[in-house]
Amino acid sequence: EEKWIESCLKNVFRQQYKNFEVIVVDNKSTDNTLKIIRDYQVRLYKINKFFPGKALNIGISKAKGEIIVCLSGHCIPKDHYWLKKLVTNLKNNKIGAVYGRQEPLPFTSNNDKRDLINTFRLERIVQKKDPFFHNANSAFKKSLWEKNKFDETVTNIEDRIWGLNLIK
């Protein structure tokens, strides 16, 4: 995440919503990620073997708050209201989880741009029975996660498996 982590963290710490902590879960980075994050107030946890669900579960288990926000280093908040807008929907007890749009960056490949635009579209979507969930930019209550943790054995789509289990 060396290319993105500094922009990501700068924008996180510029949020209007101020009551949050930042936890970074690192899988033996060999780039400058660990050097970059030293300039920010984050709590760092390291893992030896990466599985997305395992990294998420470790970070979430260390979180002190009731609202959990997952943000991948390559998902850079667009404005100072990103966090407030993301968590506002969780005030409604009928909403289990929310995820935000992931927009292409200027250097995103054309194929990835197409996929991001097709996946996240421009309109707001409310899903009731669709298990699609994108944890790279998401929020949910920790109490909900305690009943339904991320699968630690899969190498991808752990967020969609989680979404399916949430609907069940």
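C70 is buried, at a relative accessible area of 7%. Buried here stands for under 20% relative accessible area, with exposed over 50% and partly exposed in between, using a 1.4 Å probe and protein chains only. C75 is buried as well, at 6% relative accessibility.

A word on the source. This is a predicted model, where local features need pLDDT of at least 70, side-chain atom pairs count only at pLDDT 80 or more, and totals for chains, interfaces and linings use all residues. Residues are numbered from 1 along each chain as its sequence is written, and side-chain values use heavy atoms, with hydrogens and water left out.

Back to the cysteines. How many disulfides does the structure hold? It holds 0, a disulfide being a pair of cysteine sulfur atoms within 2.5 Å. For C70, the closest cysteine sulfur is that of C75, and at 11 Å it is too far for a bond. For C75, the closest is in C8, at 7.4 Å, also too far.

Now the sheet. Strands are DSSP runs of E, at least two residues, numbered from the N terminus, and two of them pair if DSSP finds at least two bridges between them. In general, strands of a sheet pair through backbone hydrogen bonds, either parallel or antiparallel. Here 3 strands make an open, antiparallel sheet in the order β3-β5-β4. β3 (67-71) and β4 (97-99) are at the edges with a single partner strand each, so one side of each has no neighbour in the sheet.

β3 is joined to β5, residues 137-141, by 5 bridges.

Note on methods:
Helix = DSSP H or I, 4+ residues; strand = E, 2+ residues; numbered from the N terminus.
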